[in-house]
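Welcome! Here is a friendly walk through one protein model, stop by stop. Keep the structure open beside you as you read.

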Amino acid sequence: MERKVIIMDHPLIQHKLGKLRDVNTSTKKFRDLVNEIATLMIYDATRDLPLKDVEIQTPCGVANCKEIAGRKLAFVPILRAGLGMVEGGLTLVPSARIGHIGLYRDETTLEPVEYYCKLPKDIEERDVFVLDPMLATGGSAIDAIHQIKKRHPRSIKFLCIIAAPEGLEALKKEHPDVDIFAAGLDDHLNEFGYIVPGLGDAGDRIFGTK
């Protein structure tokens, strides 16, 4: 079954996305904005978690309430830029487990090269959220999801802040069973594989390495 693609139009996300794109935004502010946008995105991406009825004793009586029905979550950032989105997830779901997938893009072929993969041992019991600020060619996301699927998780969702049409189509074609969430869909990729207008290299801007 083909899953959904959601481009988030919430005013708070769009406001923060504009600040994120600004070339004059400092490293600290950029890092804070990535975290804030990720928090808002994960809030929306978890709206379909199942609930169960529970009774809670309040100071004044018993309340019929809801709680999440036993679902376990895992956040898997694609290194290194995806690390900037993890805190946003843990703010909302502090019990989630964290995996890591290390990929870098070959500057000649633009293809992903994997150098690290460490996932929770019980990942087959978990709903997995793959995190990467940029979906450019789609190669890294496609490869990361392939690695996760080998471990048979309950479900997979992919969250990025900015997507290029080329990467979005490639990811949809390769993994039609994965929900995709993006804060913005940009115009195109340039000859170097960067998203235009984009925001530059997310990893460099998060960690201040360029």
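The side chain of D127 makes a polar contact with the side chain of S155, at 2.6 Å. A polar contact is a pair of N or O atoms within 3.5 Å; within protein, one must be able to donate a hydrogen and the other to accept it, and residues adjacent in sequence count only if both atoms are side-chain atoms.

Before we go on, a word on what you are looking at: this is a predicted model, where local features need pLDDT of at least 70, side-chain atom pairs count only at pLDDT 80 or more, and totals for chains, interfaces and linings use all residues. Residues are numbered from 1 along each chain as its sequence is written, and side-chain values use heavy atoms, with hydrogens and water left out.

Where does D127 sit? Its place is in strand β8, residues 126-131. Helices (H or I, at least four residues) and strands (E, at least two) are DSSP runs, numbered from the N terminus. D127 is buried, with a relative accessible area of 3%. Buried means under 20% relative accessible area, exposed over 50%, and partly exposed in between (1.4 Å probe, protein chains only). Leaving aside neighbours within four places in sequence, D127 is in contact with L49, R71, K72, L73, A74, R154 and S155; contact means heavy atoms within 4.5 Å.

Now look at D186, in the loop between β11 (179-185) and β12 (188-189). The side chain of D186 makes a polar contact with the side chain of R21, at 2.7 Å. Not counting residues up to four places away in sequence, D186 also has a list of residues that it touches, including I162, P165, I195 and P197.

Next comes M134, which lies in strand β9 (residues 134-135). M134 and L199 are 65 residues apart along the chain, and their C-alpha atoms are separated by 9.2 Å. Among the residues in contact with M134, leaving aside neighbours within four places in sequence, are C160, I162, I195 and L199.

Here are accessibility values for some residues on this walk:

| Residue | Relative accessibility | Class |
|---|---|---|
| D186 | 9% | buried |
| M134 | 16% | buried |
| H152 | 59% | exposed |

How do helices α4 and α5 cross? The axes of α4 (residues 139-149) and α5 (residues 165-174) come within 9 Å and cross at roughly 25°. Axes are lines fitted to C-alpha atoms, for helices over the stretch in contact, and angles run from 0 to 180 degrees between N-to-C directions. The two helices, α4 and α5, are therefore roughly parallel to each other, a term used for angles under 35 degrees. On the α4 side, A141, I142, I145 and H146 meet A170, L171 and E174 in α5. The residues of this contact divide into five nonpolar, one polar and one charged. Ala, Val, Leu, Ile, Met, Phe, Trp, Tyr, Cys and Pro count as nonpolar, Asp, Glu, Lys and Arg as charged, and the others, Gly among them, as polar.

Finally, some backbone details. Most residues other than glycine have a negative phi, and most peptide bonds are trans. In this model, the peptide bond from L79 to R80 is cis, with omega near 5°, and R80 lies in the loop between β4 (72-79) and α3 (86-92). The bond from V196 to P197 is cis too, with omega near 0°. H152, in the loop between α4 and β10 (155-163), has a positive phi, near 55°.

How values were computed
Angles under 35 degrees count as roughly parallel, over 145 as roughly antiparallel, 65 to 115 as roughly perpendicular and the rest as oblique.
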